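This report describes one protein structure for a reader who has not seen it before.

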Amino acid sequence: MLYRAVRPLLFALDPEAAQRVSLKSLDALNCLGAASLAAAALPRLPVRVLGLDFPNPVGLAAGLDKDGEHIDALAALGFGFLEIGAVTPHPQPGNPKPRVFRLPEAGALINRLGFNSRGIEAVVENLRRSRYRGILGVNIGKNFDTPNERASDDYLECLRKLHPHASFVTVNVSSPNTKNLRGLQEPAELDHLLAALAAERDSLAKRHGKRVPLAVKIAPDLDDTGIEAIARCVLARGIDAVIATNTTVSREGVEHLPAGREPGGLSGAPLKARATAVVARLRRVLPASVAIIGVGGIASAADAREKLEAGANLVQLYTGLVYRGPGLVGEIVRGLAGSPR
């Protein structure tokens, strides 16, 4: 109810400015102990996947807290897990502004942020300072000026530095906003990258006695052949999970809207069916031992249930929070608790 009252004020601001205001407000409420009030009475919906025990299957998608600066406040909202990032090895500003656009008529966003990141060192310092002890994923990417043939160097650097701090690490090869990044989804390039990361994951586990699962985040714009090729690579290299999906470059259904043709990745309601179809296809070709995290267009408990019934083990939110507010987390958890699963 409170968010509904303040949303017009936030929507009067540039989307990035509104996000900064929202996150700083959450930080302030968390310091006062107020941010956790809504989550205190949430039912537990335990899920064991990736060798981890999740208190509920509803997570925060990467992109909202790029640098891990607001982890404690976001955790207080009742999420079963958080994912921060994308993080790059070296700081970079991302693409020029404006680079985020609202499509309220469609419950959607378009962003072309381009992996804006303070860099891995700053993120690790934020993780050290955080008091959060729940399940934390970190989404990693390459710097914009690193050629694809050397991309594994960037991903490996991030993996090594995050190993002591992350519950799982997500390999982002599907953002449409870094030039040629989606080329890393091609079978030969993906196999090379995942082989290097899986070997390093196993080496770090032996050295430190802690195994950090690896997930790969894929695009919604793949055909069945592309999805199946990625699934084969995931199985061959022992990757633990697939996140389906990132944003789409399609503009189907939003072409006529103001800002509907802006370049970038489209998220929110128009992505829902496309992302769910990818989840379902993945589940048909992947064994139960490989987890699937469903993301894209979730703005209600029914949307979350749809992803779970399609074969996802966990779900994630982002754009739905922009339109529905932080109370959406509890609404979905309570809705899932009241439904057969």
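## Terms and basis

A residue is called buried when its relative accessible area is under 20%, exposed when it is over 50%, and partly exposed in between, using a 1.4 Å probe and protein chains only. The areas themselves come from the Shrake-Rupley method with a 1.4 Å probe, and for residues only the protein chains shown count as cover.

The model is predicted: local features need pLDDT of at least 70, side-chain atom pairs count only at pLDDT 80 or more, and totals for chains, interfaces and linings use all residues. Residues are numbered from 1 along each chain as its sequence is written, and side-chain values use heavy atoms, with hydrogens and water left out.

## Salt bridges

Side chains of opposite charge can pair when their charged atoms come close. With a salt bridge taken as a side-chain nitrogen of Lys or Arg within 4 Å of a carboxyl oxygen of Asp or Glu, the count comes to 21. One of them joins Arg99 and Glu16, at 2.8 Å from N to O. This pair links distant parts of the chain, 83 residues apart: Arg99 is in the loop between strand E4 (81-87) and E5, and Glu16 is in helix H2 (residues 15-31). Helices (H or I, at least four residues) and strands (E, at least two) are DSSP runs, numbered from the N terminus. Arg99 is buried because its relative accessible area is 6%, and Glu16 is buried because its value is 13%.

Another salt bridge joins Arg201 and Asp202, at 2.9 Å from N to O. Arg201 has a relative accessible area of 4%, so Arg201 is buried. Asp202 has 35%, so Asp202 counts as partly exposed.

In the salt bridge between Lys272 and Asp303, the closest N and O atoms are 3.0 Å apart. This pair also links distant parts of the chain, with Lys272 in helix H8 (residues 272-285) and Asp303 in helix H9 (residues 301-310), 31 residues apart. Lys272 is partly exposed because its relative accessibility is 23%, while Asp303 is buried because its relative accessibility is 10%. Elsewhere, salt bridges that share partners join Arg182, Asp221, Glu252 and Arg274 into one network.

## Helix H9

Along with Asp303, the buried residues of H9 are Ala301, Ala304, Lys307, Leu308 and Ala310. What covers them includes H8, strand E12 (291-295), strand E13 (314-317) and helix H11 (327-337). Gly311 follows H9 and has a positive phi, near 130°.

## Two loop residues

Ser117 is in the loop between strand E6 (108-111) and helix H4 (120-129). With a relative accessibility of 6%, Ser117 counts as buried. Contact means heavy atoms within 4.5 Å. Leaving aside neighbours within four places in sequence, Ser117 is in contact with Asp67, Ala86, Val87, Thr88, Pro91 and Gln92.

Ala106 is in the loop between strand E5 (100-103) and E6. Apart from neighbours within four places in sequence, its contacts are Val254, Leu257, Ala269 and Pro270. The C-alpha atoms of Ala106 and Gly294 are separated by 20 Å, and the two residues are 188 residues apart along the chain.

## A nonpolar surface patch

Leu2 lies in helix H1 (residues 2-11) and counts as exposed, at 67% relative accessibility. Together with Val6 and Leu9, Leu2 forms a nonpolar patch on the surface, with about 310 Å² of accessible area in total. Patches are made of residues with over 30% relative accessible area and no salt bridge; like charges are joined within 9 Å, and nonpolar side chains (Val, Leu, Ile, Met, Phe, Trp, Tyr) within 5 Å.
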